[in-house]
Amino acid sequence: MATMRISAARVNLGDNRLEQAMIQDSAYKVVDKGSISNATVTFDYTGGSVQTWTSTGSTVTIATSNWPPTGHTGVLLLIGTNAGAYTLTMPTVSWIKPDGTTTTTFATYLAANTGRTALQSSGVDQILLWSRDAGTTIYGKLV
């Protein structure tokens, strides 16, 4: 059995399983990447599963890193403010359309959604990404 480290504010299980746990009053850490202008912003899965950014310049490129190993599902909720005001470039994502099929083209995905053909130029969008093979295949939905 692996060693478990406990400190006043943190328990590190060292990627070991927690079984038959009753969890009450839990929360997800939110990582704010700040204002992004003409740059690439990398959302590191190990940093937190909810991450935000604000688009402030002509091109924002999204990248992801450090997904859990194959056989484990990692989920990232990306919250973008004004993401549609500028050019947004996403990594290769298998976007799940309403009919269950996928496309790797974000514009095709948006066109397939009822009433939603673009990200908000003034407002907040939430994008859910997940992978179960260490980031080789990333799935996504606009939520």
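What follows is a short chat about a predicted model.

Reader: What should I know about the model before we start?
Author: It is predicted: local features need pLDDT of at least 70, side-chain atom pairs count only at pLDDT 80 or more, and totals for chains, interfaces and linings use all residues. Residues are numbered from 1 along each chain as its sequence is written, and side-chain values use heavy atoms, with hydrogens and water left out.

Reader: Start with Gln51. Where is it found?
Author: Gln51 is in strand β5. Strands are DSSP runs of E, at least two residues, and helices are runs of H or I, at least four, numbered from the N terminus.

Reader: Is Gln51 buried or exposed?
Author: Buried, because its relative accessibility is 1%. Buried means under 20% relative accessible area, exposed over 50%, partly exposed in between (1.4 Å probe, protein chains only).

Reader: What does the side chain of Gln51 reach?
Author: The backbone oxygen of Asp44, at 2.9 Å.

Reader: And which residues is Gln51 in contact with?
Author: Leaving aside neighbours within four places in sequence, they include Val31, Phe43, Leu77 and Ile79. Contact means heavy atoms within 4.5 Å.

Reader: Thr52 next. What does Thr52 touch?
Author: Not counting residues up to four places away in sequence, Thr52 touches Val30, Val31, Asp32, Lys33, Gly34, Phe43 and Ile79. Thr52 is in β5 too, which covers residues 50-55. Thr52 counts as buried because its relative accessibility is 15%.

Reader: Switching topic. How many salt bridges?
Author: The count is 1. The rule asks for a side-chain nitrogen of Lys or Arg within 4 Å of a carboxyl oxygen of Asp or Glu.

Reader: Which side chains meet in that salt bridge?
Author: Those of Arg17 and Glu19, at 2.4 Å, N to O. Arg17 is exposed, with a relative accessible area of 70%.

Reader: Now Ser122. Where is it found?
Author: In the loop between α1 (106-112) and β11 (124-131). Ser122 is exposed, at 64% relative accessible area. Ser122 and Ala85 are 37 residues apart in sequence, yet 6.9 Å apart in space, C-alpha to C-alpha.

Reader: Last one. How do the residues of the largest pocket's lining divide?
Author: Into 10 nonpolar, 11 polar and 4 charged. Here Ala, Val, Leu, Ile, Met, Phe, Trp, Tyr, Cys and Pro count as nonpolar, Asp, Glu, Lys and Arg as charged, and the others, Gly among them, as polar. On a 1 Å grid over the protein atoms alone, a pocket is an open set of points where a 1.4 Å probe fits, with protein on both sides within 12 Å along at least five of seven lines; lining residues have an atom within 4 Å of a point.

Note on methods: Polar contact = N/O pair within 3.5 Å; in protein donor to acceptor, adjacent residues only side chain to side chain.
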